[in-house]
Amino acid sequence: MQQHQMLNKPDGTEQPAVKLEDVKKVIGGKPIIKGLSFDIYPGEVFGFLGPNGAGKTTTIRMIVGLMRITEGNIYIHGKSVKSHFKDAIRHVGAIVENPEMYKFLTGYQNLIHYSRMVKDISRERINDIVELVGLKDRINDKVKTYSLGMRQRLGLAQALLHSPSVLILDEPTNGLDPAGIREIRHYIRRLAEEEGLAVIVSSHLLSEMELMCDRIGIIQNGKLVGVQNVHDFVQGDSQRPIRFSVDDGDQAAQIIRETLDFEVINHDNDIVEIQLDTEQIPIVVEILVEKGIKLYGIISAAKTLEDKFLEVTGGRDIV
Amino acid sequence: MSSFFQLIQNENMKIYRKGANRIMVLMLLGLIIAGGLIIKFSGPDNTDAHKGNWKQELVQDNKDMEKQLKEMPAQSQTYFKKEIAINKYRIAHNLPPAQGENIWGFVKDMIGLIMVISIFTIIVVGTSISSEFNWGTIKLLLIRPVSRTSVIFAKYISSLMFAIGMLILLGIVSWLVGGILFGFADISQPFLQYTDGKVTETSWVMYVLKQYGLNCVQLIMMATLAGAIAAIFRNGALSIGLTIFLMMAGSTITAFLAKYDWVKYVLFANMDLSQYLNGTPLNDDMTLGFSVIVLVVYYVIFMIFGWLFFTKRDIAA
């Protein structure tokens, strides 16, 4: 687990880059999105996680204006996507699902095409972006000769062309080799940390999300099940719940409370769960043994993101 | 914000960089040249054998036609009356008819290729809209600070620009091919026009431009219909197939419905405006003004439907 410093904690003092306000979407009389509200702040990478059909893509399409918002509103830097689309979308760069480009044009012509749709993009800016995504040698080849990874890079180039402050990436590492994944991940982190971009990433690769994101929002059945900090979510190297299997959990909990200043999270007949550092485990063991509690086992209850994800979404409930 | 001009530039780049569209341009050129060669080598010999006594020949022709005219029903007489009048005018003003094909005759023959240009335009406008959906590029196209309205209009206008370019190409190339194959000698010959029983002289250029203009009515209506269908159904095959079918079957449909009074409100009955300039209209109470109004109404309906569906519908695919 890498340490990510959040530059901007969502503490309510800063204007969110993207704000969803009770967003609903009804398609053919069927509610697909049932009221989503969350904020994404500059400088953070927000992971959008959910089982297939949960409404991730629909939500992303509503943010970028490809789909109409049935109810509620989405603001990008305070501008409503509904009523001020041009002013809102100007700040956004995105890849929606696969980066589909014009295959009969060269990579460079594709970028020229998109640069004409925004004000003031110089040839230098295009060249810089091409170099940045590592397509310099192939940019004058037709896109139909590109590998999926190269198309992904070109997709990233078109998304970054107009220096957006909000970047939305659907499955950004799809089709990339491990080196490419690492590169894109570092690049996304750098964009967020150094250039203060708000990045929304959706991915089905949970381990990827763990490495890339600061916060993760889990969506299921069109509802937000939870928005959590990745650190709180998975528990880092510091304190985490440790579960002790004992003969008398209640008594053990009482002993810990009386003798040590540790937080007992949970206890019943045969277990006691305590929030501990690794170094504190022997101290607890010593006390319990000294007080005559029989100790059968010690388990670190730290959850991986995947555990947590399955727990939150109910695991099987893919609708 | 980018200007509308740059959107047109984008659409033009997509039209002319595409192999299929380049082949259409080559096909048009090929058809003109092939047409010229076929007429040149299969038509009557272009000899000067009868040059001296063309007047006697026309007099004889007129006698034959007048004989036929008497045995004919009234509706079919127009063509012969016109031919006789023009022949008389030629004799009176000493204007010999062309022997075989000449440059202007060839340009006139090639006006039929505007039908081919219409089909090409239908294909260009249909694919320009629908392939963005097929390729998925519509998702990257519509997430720019540009309204959907300007995107669809840029597509429509660039397709019409393609049609205009093809028409100019047809005019110039058929004139050049005609001149090269049949000689430029007849360039200054006047065109004899027959209206209301009178023969007048106009220039061939004016005549050809008028014919191009009349044929453009169908081109524009069909291109607009193809664009509307593509925008509504987002399906290129449907848009192109249905529009070309309607264009081809239009006159049959009109003839089939001719017994009904409401046929005059059918699009295809109004698309051929030449019915008012030479010959009789399909229906007695149809006038040029009536047809123009009907065409405008259809045009506006196509535009509104295409625009509404393109700008309001979700991009869900």
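Buried, in what follows, means under 20% relative accessible area, exposed means over 50%, and partly exposed lies in between, with a 1.4 Å probe and protein chains only. By that rule B:Glu132, at 1% relative accessibility, counts as buried. The model is predicted, so local features need pLDDT of at least 70 and side-chain atom pairs count only at pLDDT 80 or more, while totals for chains, interfaces and linings use all residues. Residues are numbered from 1 along each chain as its sequence is written, chains are lettered from A and ligands numbered from 1 in the order in which they are written, and side-chain values use heavy atoms, with hydrogens and water left out.

The side chains of B:Lys14 and B:Glu132 meet in a salt bridge, 2.7 Å from N to O. A salt bridge here is a side-chain nitrogen of Lys or Arg within 4 Å of a carboxyl oxygen of Asp or Glu. This pair links distant parts of the chain, B:Lys14 being in helix α1 (residues 4-16) of chain B and B:Glu132 in helix α6 (residues 114-135) of chain B, 118 residues apart. Helices (H or I, at least four residues) and strands (E, at least two) are DSSP runs, numbered from the N terminus. Both B:Lys14 and B:Glu132 are buried. B:Glu132 also forms a salt bridge with B:Lys155, at 3.0 Å from N to O. Here too the pair links distant parts of the chain, with B:Lys155 in helix α8 (residues 148-182) of chain B, 23 residues from B:Glu132. B:Lys155 counts as buried because its relative accessibility is 1%.

Over all chains the structure holds 20 salt bridges. Another of them joins the side chains of B:Lys139 and A:Glu97, at 3.3 Å from N to O. That pair crosses between chains, from helix α7 (residues 138-141) of chain B, where B:Lys139 lies, to the loop between β6 and α3 of chain A, where A:Glu97 lies. A:Arg61, A:Glu97, A:Glu100 and B:Lys139 are linked in a network of salt bridges.

The interface as a whole can now be described. Across the interface of chain A and chain B the rule finds 3 salt bridges. The rule also finds 16 residue pairs in polar contact there, both residues at pLDDT 80 or more. A polar contact is a pair of N or O atoms within 3.5 Å; within protein, one must be able to donate a hydrogen and the other to accept it, and residues adjacent in sequence count only if both atoms are side-chain atoms. On the chain A side, α2 (85-89), β6 (92-95) and α3 (107-115) each supply at least two residues. Of the elements of chain A, α3(A) gives the most to this side, with 4 residues. By class, the side of chain A that touches chain B has 16 nonpolar, 5 polar and 9 charged residues. In this count Ala, Val, Leu, Ile, Met, Phe, Trp, Tyr, Cys and Pro are nonpolar, Asp, Glu, Lys and Arg are charged, and the others, Gly among them, are polar.

The contact takes 30 residues from chain A and 32 residues from chain B, contact meaning heavy atoms within 4.5 Å. Chain A and chain B bury about 3,100 Å² between them, 58% of it on carbon and sulfur atoms. A:Leu66, A:Arg116 and A:Met117 supply 25% of the area that chain A buries against chain B, more than any other three residues. Buried area is the accessible area (1.4 Å probe) that two parts lose on being put together, summed over both.

Helix α3 of chain A also holds A:Asn110. A:Asn110 is buried because its relative accessible area is 0%. Leaving aside neighbours within four places in sequence, A:Asn110 is in contact with A:Met101, A:Tyr102, A:Leu105, A:Val143 and A:Leu154. Chain A has 11 helices and 14 strands, and of its 319 residues 52% count as buried.
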